[in-house]
There are 2 protein chains.
Amino acid sequence: MEMTQESRRTASERRRRELLEAADRVVLRDGPEASMNAIAAEAGITKPILYRHFGDKGGLYRALAVRHTDALLAGLRAALDSPVPRRDRVEATLDTYLAAIEARPQVYRFLMHPSDEGQTPDSGFDVGRHSAPLLRRMGEELAQVIAERVDLGPVGDELARVWGHGIVGMMHAAGDWWLREQPCSRAQLVQHLADLLWGRLAAAGDRPGGPGF
Amino acid sequence: MEMTQESRRTASERRRRELLEAADRVVLRDGPEASMNAIAAEAGITKPILYRHFGDKGGLYRALAVRHTDALLAGLRAALDSPVPRRDRVEATLDTYLAAIEARPQVYRFLMHPSDEGQTPDSGFDVGRHSAPLLRRMGEELAQVIAERVDLGPVGDELARVWGHGIVGMMHAAGDWWLREQPCSRAQLVQHLADLLWGRLAAAGDRPGGPGF
DNA sequence: AGCAGTGCGTTACTTGCGGTAACAGCAGTC
DNA sequence: GACTGCTGTTACCGCAAGTAACGCACTGCT
């Protein structure tokens, strides 16, 4: 059989994609604790091949996460870049994210709770190297968009980054909670969150007859 | 030796506390992946005792988490309840949280990424049962405070819950990012986040010379 | 043809952790 | 003394991550 260098490379890459798709099926079916054996079986092969391709379980999971993260980010970028007023853009972005996690909660769960990846034994301060590089990527992405589209004065860059991560966190936590106990429609949730970002908390009056006063 | 029912109970509880403290030391030293063996060794005993006291690893970790969560929530409640203007209260709360995670990043990391707890094999939609009951508790707590102190009209309760979880998520994500790469002082971060909640994003003007226009 | 090299694939193994018998000592109770 | 209930042990099971060693197919080279 004819097999030049390039065709080999593409074959290997196609194989890698097949493996990733098999892993995807298993993870979506069994959750993030799917065993390497199960994944290998689904792909019709055995463990060592997985290890040759991805190094270790963390490698496989990271590759999976990158795929899904890229897909989600593409959708978010579209909403973020649409040429409509800011409030509409914010709402569209929130809605895109929430629709995504609503449509495929298993994917969402996998991305947000990748158990543990590599973990260098540096024994120290690497807090948060776990838990969702997705969140950080989204935060940075949003920060960039804010920085380049909103006029925030001298320290605007720093501000944009704080807000980027903050808003993403807000979206995430609210979405997580909303997904658990569907307390209202998605559209309502979007409105509520946009209202929050639009300063309605600051504008609201004190409750009459508050406790203690 | 005299040993009535009550003295037994208190003895058992004291033992439990000792075990928890040992576990605490190990977890703070080795991170959330500390093995049950290591914890038992630190406590000067062997595994089965731990299992008799806490059922399984999830039980132990839950007990640990409850301790720390209670402590953190106590601090937050104090900031949340202080009789000062709303903006000051918000800033105090943010600062309390950030000071806590800054002071003890290991505790923070443990609380936020408890790997996985129980996991009933219901095979389905229990997204988010993992990842930090702390976040949810904080969200509910804040929601309650908002609902009882801020006048938000007819659907105020729903709104308060959305905001509670959203704000907590914002605080968490921003704090996590800030802890990794200390890009500014804590005070500045608090200001930035409070500004965000006060609607400065809505108030800011478009950037002159934005891309595409 | 014959031979090294290189991927793909396997079986069989090691290591380590969560979790569990099964058993031993030692209070206090009837 | 027999019974209960607690603390503690050693020794084990099951299972998943990760690895070593080997077989096989195919290519390119001489």
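Colleague: Which residue of S1(B) does A:Gly205 stand opposite?

Modeller: A:Gly205 stands opposite B:Asp151. Bear in mind that this is a predicted model. To read a strand pair, look at the bridges and then at the direction of the strands. Here S1(A) is joined to strand S1 of chain B, residues 150–151, by 2 bridges, and the two run antiparallel.

Colleague: How many residues does each chain bring to the contact?

Modeller: Chain A gives 57 residues and chain B gives 57. On the chain A side, the elements with two or more residues in it are helices H6 (105–112), H7 (133–149), H8, H9 (186–197) and H10 (200–203), plus strand S1 (205–206). H8(A) supplies the largest share, 18 residues. By class, that side of chain A splits into 30 nonpolar, 14 polar and 13 charged residues.

Colleague: At what angle do H8 of chain A and H9 of chain B pack?

Modeller: For a helix pair, take the angle, the axis distance and the handedness together. H8(A), residues 156–180, and H9(B), residues 186–197, pack at about 65 degrees with their axes 10 Å apart. The crossing is right-handed. From H8(A) come A:Leu159, A:Val162, A:Trp163 and A:Gly166, which meet B:Leu189, B:His192, B:Leu193 and B:Leu196 of H9(B). That contact has 6 nonpolar and 2 polar residues, with no charged ones.

Colleague: And B:Gly58 in helix H4 of chain B: why does it count as partly exposed?

Modeller: Count the neighbours. B:Gly58 has 15 other C-beta atoms within 10 Å, so it is partly exposed; buried would need 20 or more, and exposed 12 or fewer. Its helix, H4(B), spans residues 57–81.

Conventions. Residues are numbered from 1 along each chain as its sequence is written. Chains are lettered from A and ligands numbered from 1 in the order in which they are written. This is a predicted model: local features need pLDDT of at least 70, side-chain atom pairs count only at pLDDT 80 or more; totals for chains, interfaces and linings use all residues. Axes are lines fitted to C-alpha atoms, for helices over the stretch in contact, and angles run from 0 to 180 degrees between N-to-C directions. Helices (H or I, at least four residues) and strands (E, at least two) are DSSP runs, numbered from the N terminus. A crossing is left-handed if the near helix is turned anticlockwise from the far one by less than a right angle, and right-handed if clockwise. Two residues are in contact if their C-beta atoms, placed from the backbone, lie within 7 Å. Ala, Val, Leu, Ile, Met, Phe, Trp, Tyr, Cys and Pro count as nonpolar, Asp, Glu, Lys and Arg as charged, and the others, Gly among them, as polar. Two strands pair if DSSP finds at least two bridges between them.
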